[in-house]
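Hello,

Here is the structure we talked about handing over. Please have it open while you read the notes that follow.

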Amino acid sequence: MIDMLAGALLQAVAMPQCDVELVVLGVAQDGGVPQVNVQDDPAWADDGLRRRVVSLGVIDRQAGTRYLFEATPDFRTQLHDLNAQADLSGAPDGIFLTHAHIGHYTGLMLLGFESMSAEAAPVYSLPMMANFLRSNGPWDQLVRYENIDLQVMMAEQRVALTPNLGVTAFEVPHRREYAETAGFKIDGPNLSVIFIPDIDRWAEWDTRIEDIVAENEIVYVDATFFDDHELPGRDMSAIPHPRVAETMDLFQDQPAEVRQRIRFIHYNHTNPIRFEDSAETQDVLARGFRIAREGERVCL
Ligand SMILES: [Zn+2]
Ligand SMILES: [Zn+2]
C-alpha cells in the first residue's frame, strides 16, 4: 500500500499534469511522408515511418479549451488526437493558419457541410490570408455557411485566448502567391514557443533569428531540407528554405542551453532527419539541437 502510494507520488512528481500544454501533431512538409507518387518510400510498408503534415496543438485544461495550429491534409487524425488529449469534442476553440500553401490550410474543408459541419469555428490569420479564404471557393462557402468565423490578426498584436495563454502573429518572408506568411509566438504561464514552419531565408527577414531564440524557450523552425545535396539532379540554390545544416552552423558557437531551444520541423520526405536512426539525425542531436517528433509535449 505504502509502495503504491510512493509510486503514485513519484509518478506525479515525474509527470506533472500541465494546465497549459503544447503537443506536436505533425512534423512533415506540406506533401507529408510518404509523399504521393514516391512509390519506393519505405513508409508505405511501415506505418512507424509515416509523418503527418506540420501541426501543433495547445490545450488549456484550466479553461477547458484547445487550439490547433494549421489545418493540414491530416486534419482528421490531428483533431482527433488533440480532442482525445484534451478530453473534448467538436471543433477547436481556435485554428491558427500561417499561410495559403496546401499543407497549412486545406484541412479546413473538413469543417464544412460535407463533413463535420462546424458552427462558427474561429479561424485566426493575418489579413491577406483571411481575405483569401473569404474571396475564393471552396473556402468562401465555409464563411457563408458560418462553419468558420474569420478572426483577423494584426502582426505583433497579442491575442489573449485565456488568462494563461496568448498568441502573437508576425510576418516572415516566404513566397506569397495568395497571402502573406505568418509565424506565431505562443505564450503560456511559464514559457513561450515560436512556430516558423516556412520561411525563405533567415537573411531576408528583418528580425534576427538569434534574437528570437534568445527571447523564447522553444523555437520550432523550418527544416524542409537538410542540405543542398538532397534533390539529385536539381540545382537547389534557387530553392529557398534555410537548410538544417545552415541553421546549425548559425548557432554553432552559441551555448548548449541556446542550441537545445531549436527544434527542427516541417521536414520534406527527402530530408533524412525524418528517420530516427539516420546519420543526419545523430548529427543534429550530437550538435545539441533537437528534432520535433509527433507526440512530443511541452508544458507551457
Ligand atoms: Zn509548408
Ligand atoms: Zn509554404
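**Notes on the model**

H101 is placed in the loop between β4 and α3 (102-105); helices (H or I, at least four residues) and strands (E, at least two) are DSSP runs, numbered from the N terminus. This is a predicted model, in which local features need pLDDT of at least 70 and side-chain atom pairs count only at pLDDT 80 or more, while totals for chains, interfaces and linings use all residues. Residues are numbered from 1 along each chain as its sequence is written, chains are lettered from A and ligands numbered from 1 in the order in which they are written, and side-chain values use heavy atoms, with hydrogens and water left out.

With a relative accessibility of 12%, H101 counts as buried (buried is under 20% relative accessible area, exposed over 50%, partly exposed in between; 1.4 Å probe, protein chains only). Setting aside neighbours within four places in sequence, H101 is in contact with D30, H174, R175 and E177, contact being heavy atoms within 4.5 Å. The H101 side chain makes a polar contact of 3.2 Å with the side chain of H174 and another of 3.5 Å with that of R175. A polar contact is a pair of N or O atoms within 3.5 Å; within protein, one must be able to donate a hydrogen and the other to accept it, and residues adjacent in sequence count only if both atoms are side-chain atoms.

**Aromatic pairs**

Rings of Phe, Tyr and Trp (its six-membered ring) pair if their centres lie within 6.5 Å; planes under 30 degrees apart count as stacked, over 60 as edge-to-face and the rest as tilted. The count by this rule is 11 aromatic pairs. F69 and F96 are stacked, because their ring centres are 4.8 Å apart and their planes are at 10°. F69 belongs to strand β3 (residues 65-69) and F96 to strand β4 (residues 94-96), so this pair ties together parts 27 residues apart in sequence. F96 also pairs edge-to-face with F184, at 5.7 Å centre to centre and 80° between the planes. F184 is in strand β9 (residues 181-187), so its pair with F96 in β4 ties together parts 88 residues apart in sequence. Both F96 and F184 are buried. Ring pairs link F69, F96, Y124 and F184 into a cluster.

**Disulfide**

There is 1 disulfide, defined as a pair of cysteine sulfur atoms within 2.5 Å. C18 is joined to C299, S to S 1.8 Å. C18 is buried at 5% relative accessibility, whereas C299 is partly exposed at 36%.

Regards
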